[in-house]
Amino acid sequence: SSLFLGLFKSLTADPLLATCETWMVWALLAYCQQPSWRRGILFWFFAAFGMLTKGFPALLPLLGLIPVLWYFDRKNRVSSLLQMKAGWIIFLTIGLGWYLAMAAMTPGLFQYFLVHETVDRMASSVHDRHAPWHFFLWILPLGIFPWSAFFLAGLGQLVRNRFGVNQTNRWILLLWIAVPFIILTLSQSKLATYALPFMVPIALIVGHLLDRFLHLAADEPFTFKVETSLTLVILAVAGVFSLFFAVSGS
């Protein structure tokens with residue numbers, strides 16, 4: 001996708017943040033499916049490194065995922081994960097240790113981090129990154145290009161509960177995107193780079209929709225099969241050209 005190719009060529013911490021968030025979510029879902037000490041430690045490890053990378057925004061996916069996992073018969077597993085003493089030690093040491101050390105060495109830095117870099121970034125335009133409320137509504141379709149149409153179609157089916165997944169997975173995909181999206185939309189500070197972590201759940205939605213297209217029933221009309229095949233070919237060619245221009249620096 002265009003946003004992925006663009007940001008992974010630039011000197012920014014957002015690709016590392018997206019990586020940490022993705023593995024953190026994977027470990028959370030894997031632990032709730034089949035609890036193990038190793039998966040719990042991986043969750044806390046990547047949550048800590050995400051926090052170290054860009055602070056509290058790394059934890060935004062958890063605001064939607066933990067409640068939905070708690071609700072859908074995962075209450076005890078979520079509780080056991082959040083009560084892991086070794087996990088909290090890892091998080092406090094890696095995720096907060098550097099901030100606390102720097103704050104102890106530099107007077108006023110702790111307030112600067114909490115107020116100027118966190119509260120002010122959300123509630124004011126002091127960072128000169130103000131954008132209209134609908135900023136991410138058009139950034140996401142542009143960022144996922146050339147798969148925009150498939151994402152919008154897949155999202156529509158997911159919202160209407162016609163996506164062919166169980167209720168738990170449906171709400172996981174929806175809230176993985178919706179909660180961070182709402183928070184970032186309400187924030188006064190907006191950048192296109194903030195949308196990079198959305199690419200993972202979006203890719204899952206697009207991939208699931210494409211999988212359904214590639215496994216058509218025998219009674220599907222021939223014209224529909226041809227249209228689908230041609231669409232995929234066109235998108236594949238567009239993706240190759242996007243990759244070529246991104247690599248060549250054009």
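Is Lys54 buried, partly exposed or exposed, and what is its relative accessible area? In this predicted model, Lys54 is partly exposed, with a relative accessible area of 32%. The value falls in the intermediate class because buried residues lie under 20% and exposed residues over 50%.

Of its 250 residues, 39% count as buried. Among contacts with a separation of 6 or more, 77% are made by residues 24 or more positions apart.

One salt bridge was counted. It joins the side chains of Lys54 and Asp14, with an N to O distance of 3.3 Å. The two residues belong to distant parts of the chain, 40 residues apart: Asp14 lies in helix α2 (residues 14–33) and Lys54 in helix α3 (residues 37–54). The pair qualifies because the cut-off for a salt bridge is 4 Å between a side-chain nitrogen of Lys or Arg and a carboxyl oxygen of Asp or Glu.

With residues up to four places away in sequence left out, Glu21 touches Pro57, Ala58, Pro61 and Pro197.

Helix α2 contributes to a pocket as well. The second largest pocket has a volume of about 310 Å³. Its lining comprises 14 residues, of which Leu29, Asn166, Thr168, Asn169 and Ile172 are the closest to the pocket centre. At least two lining residues come from each of α2, α4 (60–82), α10 (167–186) and α11 (199–214). The most are given by α10, which supplies five residues. By class, eight of the lining residues are nonpolar, five are polar and one is charged.

Technical notes: Residues are numbered from 1 along each chain as its sequence is written. This is a predicted model: local features need pLDDT of at least 70, side-chain atom pairs count only at pLDDT 80 or more; totals for chains, interfaces and linings use all residues. Side-chain values use heavy atoms; hydrogens and water are left out. Helices (H or I, at least four residues) and strands (E, at least two) are DSSP runs, numbered from the N terminus. Buried means under 20% relative accessible area, exposed over 50%, partly exposed in between (1.4 Å probe, protein chains only). Contact means heavy atoms within 4.5 Å. On a 1 Å grid over the protein atoms alone, a cavity is a set of points where a 1.4 Å probe fits but cannot get out, and a pocket is an open set with protein on both sides within 12 Å along at least five of seven lines; lining residues have an atom within 4 Å of a point. Grid points are joined across faces, edges and corners, and a volume is the space filled by probe spheres set on the points. Ala, Val, Leu, Ile, Met, Phe, Trp, Tyr, Cys and Pro count as nonpolar, Asp, Glu, Lys and Arg as charged, and the others, Gly among them, as polar.
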